[in-house]
Amino acid sequence: MAEGQDEPVTAREQDIQAVSRTAQILGLFAPETPELSVAEATRRLGLKRTTVHRYFSSMISSGLLERVEDSALVRPGPSILQLGSFTLGQQRIMQMAPAYLRELALEIKVSTVLSLWGASGPVVSLVEEADHATLVTVRVGSQLALNSSQAKVFLAFLPDQFHADRLTGSLPEPQRAETRRRIEAIRQAGMSSDVNHRGICVLAAPVFAATGICATIAAVGTERMLPEALDSREAMALRSACRRLTKEMGGTWPETTH
C-alpha cells in the first residue's frame, strides 16, 4: 500500500462509525438546544457539512429526526419521542408497582411478580414474596419463555401484532398453534391462567400506559394455594390491582376485555 494511503474501512467499521455519529448528533440536543441546523451541528462536531447533511437526511427518513416547519432546523423525531416515552414509562411503573405488589401479595397470600418486556420476551423485574409457609417465587432478572403466562399476556396486547406473530412463529408445532390459541383467549378474557406439570399455578394480567401495554403482573403459587379459575377471588384481586395501576399510569383497559 502506497505511503499516506488510508487503510480500507470494513463494513463493520462503517456500521460502528455510523452508529457513533448518529449518537453524537442526537447528543447535541438538550433543553437549551431543542432544535438544530446543519451549520450548527457541523461546527460542534467538526465534520464536513455534506456528511452532516447526509446524516440528517437519513435520520429524518428513519424517524430519528424531523424537520421544523418553515425552517432549515431539525428536532428529535417520533422514534426518539416514542423511545423516551417508553423509558419514562418503565421508570414510572418501577416506582409505582411495588406498593401494588405488596398489597396484592398480602391479600391473596401468594407471591406477586412484575415483568417488563425485554429484547425478546418478558423479564422479571420486581418480586414480592408472600408471607406463607409454602413459598413459590421467581428470580428477578429471569427471562421468561414465550409460552409463559406473562409472555402470552404481552403477546395478546402488543400494539404491533405483526411482531407478536413473528415471535410465536419461531415456536415449534404444535406449541405454536396452542400458544396462539391461548393468546386469543387471553385477549378476550383480559388475563391468563396456567397450571404447569409441577402443579404451579400462574395468573397473569396486563398493565397499560398511554402508549399501550407496559408490564404484566402475575400471582404465583401451588394449585392448593391459588385457584386456576379466572372468576376466583384471587383472579379478581389481580385484575383490580392491574386496572388501578393502569389508571395511575395514564393507560386504558381495553374495552374488549371483561
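Which residues does Leu238 touch, not counting residues up to four places away in sequence? Please keep this question in mind while the tour begins; the structure on the screen is a predicted model.

**Stop 1: Leu238 and the cores**

Select Leu238 and display the side chains around it. Its contacts, leaving aside residues up to four places away in sequence, are Leu104, Met191, Leu203, Ala204, Ala205, Ile217 and Ala219.

Now extend the selection to the largest nonpolar core, which has 55 residues. The members that touch the most other members are Ile93, Leu114, Leu155, Val207, Ile217, Leu238 and Leu245. Colour strand β6, residues 200-209, next: this strand supplies the largest share of the core, 9 residues. A separate core of 13 residues lies apart from this one, and Ile25, Leu47, Tyr55 and Leu65 are among its members. As a general background, nonpolar side chains in soluble globular proteins tend to be buried together.

**Stop 2**

**Stop 3: Helices α1 and α3**

Select helix α1 (residues 11-26) together with helix α3 (residues 49-61). Their axes are 11 Å apart, and the helices pack at an angle of about 85 degrees. Helices α1 and α3 are therefore roughly perpendicular to each other. To view the contact, show Gln17, Ala18, Arg21, Thr22, Ile25 and Leu26 on α1, and Thr51, Tyr55, Phe56 and Met59 on α3.

**Stop 4: Helices α5 and α7**

Move to helix α5 (residues 149-157) and helix α7 (residues 175-189). Here the axes come within 9 Å and cross at roughly 70 degrees, which makes α5 roughly perpendicular to α7. The crossing of α5 past α7 is right-handed. On the α5 side the contact is made by Lys152, Val153, Leu155, Ala156 and Phe157, and on the α7 side by Thr179, Arg182, Ile183, Ile186 and Arg187.

How many of the residues of α5 are buried? The count is 9 of 9, and the helix is mostly covered. The buried residues include Lys152 and Gln150 as well as Leu155 and Phe157.

**Stop 5**

Most residues other than glycine have a negative phi, and most peptide bonds are trans.

- Pro174 lies in the loop between α6 (161-169) and α7. The peptide bond that joins Glu173 to Pro174 is cis, and its omega is near 5 degrees.
- Asp70 is in the loop between β1 (65-67) and β2 (74-76). Its phi is positive, near 55 degrees, although Asp70 is not a glycine. With 84% relative accessibility, Asp70 counts as exposed.
- Lys109 is in the loop between α4 (78-108) and β3 (111-117). This residue, again not a glycine, has a positive phi of about 65 degrees. Its relative accessible area is 44%, so Lys109 is partly exposed.

**Stop 5: Pro31**

Is Pro31 buried or exposed? Select Pro31 in the loop between α1 and α2 (38-45). Pro31 has a relative accessible area of 81% and is therefore exposed, since the cut-off for exposed is over 50%. Finally, draw a distance from the C-alpha atom of Pro31 to that of Arg92: these atoms are separated by 21 Å, and the two residues are 61 residues apart along the chain.

Note on methods. Residues are numbered from 1 along each chain as its sequence is written. This is a predicted model: local features need pLDDT of at least 70, side-chain atom pairs count only at pLDDT 80 or more; totals for chains, interfaces and linings use all residues. Side-chain values use heavy atoms; hydrogens and water are left out. A nonpolar core is a set of buried Ala, Val, Leu, Ile, Met, Phe, Trp, Tyr and Cys residues joined through side-chain atoms within 4.5 Å. Buried means under 20% relative accessible area, exposed over 50%, partly exposed in between (1.4 Å probe, protein chains only). Helices (H or I, at least four residues) and strands (E, at least two) are DSSP runs, numbered from the N terminus. Contact means heavy atoms within 4.5 Å. Axes are lines fitted to C-alpha atoms, for helices over the stretch in contact, and angles run from 0 to 180 degrees between N-to-C directions. Angles under 35 degrees count as roughly parallel, over 145 as roughly antiparallel, 65 to 115 as roughly perpendicular and the rest as oblique. A crossing is left-handed if the near helix is turned anticlockwise from the far one by less than a right angle, and right-handed if clockwise.
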